[in-house]
Amino acid sequence: MEGEPVNVNEFQELARQALPKIYYDYYSGGAEDEYTLKQNVEAFQGITIRPRILVDISRIDLSTTVLGYKISAPILIAPSAKHKWAHPEGEVATARAAAACDTIMILSYRSTCTIEEVASSCNAVRFFQCYVYKRRDISANLVQRAERCGYKAIVLTVDSPRLGRREKDIKNKMVNPQLKNFEGLVSTQVSTDDGSNIEAFDANTAFDASLSWKDIGWLRSITNLPVLLKGVLTHEDAIKAVEVGVDGIVVSNHGARQLDYVPPSISVLEEVVDAVKGKVPVLFDGGIRRGTDVFKALALGAQAVLSCRLEGQQFTDLQQRENTG
């Protein structure tokens, strides 16, 4: 590629060139045929913008609030795993970048830096993403450590009763890095001769396949933090989420990494927003590559978007979209 990168897609190409194939495949891949992975991006291309002219745009303010916390633009850093595969400082570097951009980072439970290391790296608002395990003490330990360290919300991923079949990882025989958040809770040393040991690790940590709506009450009972559900794709589930008292919803198909052939997230956003009727904030995740994508999600009712393929160009692009009025 000639010249400096000017958009997220060009940064992705640089990442492909720089990273070992096994790491790049993990970051960029999706489940099975990767149909939904492609659709997450392509669905945005079918949404056009109706610009309005002669609107005063001399003063533009992109800032907004999420759960009462002000951020510089409606873009949060989505939970994503294993940052040390891309940078030696891992999630600590990501946290500092989020703080510098005055936005919120959602730390993944699979982070290669601990909850405590990220919390002490800089002064910023952060949320923590988690799952519910059969051994509830594991989930409780992670959630309560996050609360003690000053994280401001819990983002519960609810679309993964079992790990999605990510065939690139299986073919590459992906080896899990040391996940420091689990030290002392479960064995973090897992080996397998058959496919990805990431799958083997999740079998050992045992996502609770019986997780249901009643368990949201259990999670709320062990923390005073607001709880958001990540992985909602239908109006029925959005209504139920409000009924059980969650504090927010993230419309997401897990970056197309969990269940292939579910709809692209942007195609169901308006349905979920209509179902919620403003009772809780609705955030959006999936397929964001440009400021125009952010703009489209906001126009369809999202309060803000989550992205883990994020760089400053999206903030610039979004500001340009404000020219539409």
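Figure 1. The model is predicted: local features need pLDDT of at least 70, side-chain atom pairs count only at pLDDT 80 or more, and totals for chains, interfaces and linings use all residues. Residues are numbered from 1 along each chain as its sequence is written, and side-chain values use heavy atoms, with hydrogens and water left out. His254 lies in the loop between β8 (248–251) and α11 (265–276); helices (H or I, at least four residues) and strands (E, at least two) are DSSP runs numbered from the N terminus. His254 counts as buried because its relative accessibility is 13% (buried, under 20% relative accessible area; exposed, over 50%; partly exposed, in between; 1.4 Å probe, protein chains only). Apart from neighbours within four places in sequence, the contacts of His254 are Tyr131, Thr157, Asp159, Ser160, Arg166 and Lys230 (heavy atoms within 4.5 Å). With Asp159, His254 forms a side-chain polar contact of 2.9 Å (a pair of N or O atoms within 3.5 Å; within protein, one must be able to donate a hydrogen and the other to accept it, and residues adjacent in sequence count only if both atoms are side-chain atoms).

**Figure 2. The second largest pocket, with about 360 Å³ of space.** On a 1 Å grid over the protein atoms alone, a pocket is an open set of points with protein on both sides within 12 Å along at least five of seven lines, a cavity is a set where a 1.4 Å probe fits but cannot get out, and lining residues have an atom within 4 Å of a point. Grid points are joined across faces, edges and corners, and a volume is the space filled by probe spheres set on the points. Of the 20 residues lining this pocket, Val158, Asp159, Ser160, Leu211 and Ser212 lie nearest its centre. Strand β7 (residues 227–232) gives the most to the lining, with 3 residues. The lining comprises 12 nonpolar, 5 polar and 3 charged residues (Ala, Val, Leu, Ile, Met, Phe, Trp, Tyr, Cys and Pro count as nonpolar, Asp, Glu, Lys and Arg as charged, and the others, Gly among them, as polar).

**Figure 3. The second largest cavity, with about 30 Å³ of space.** Its lining consists of Asp25, Tyr26, Gly29, Gly30, Glu34, Arg166, Lys168, Asp169 and Arg257. Helices α2 (21–28) and α7 (167–172) are the elements that give two or more residues to this lining. By class, 6 of the lining residues are charged, 2 polar and 1 nonpolar.
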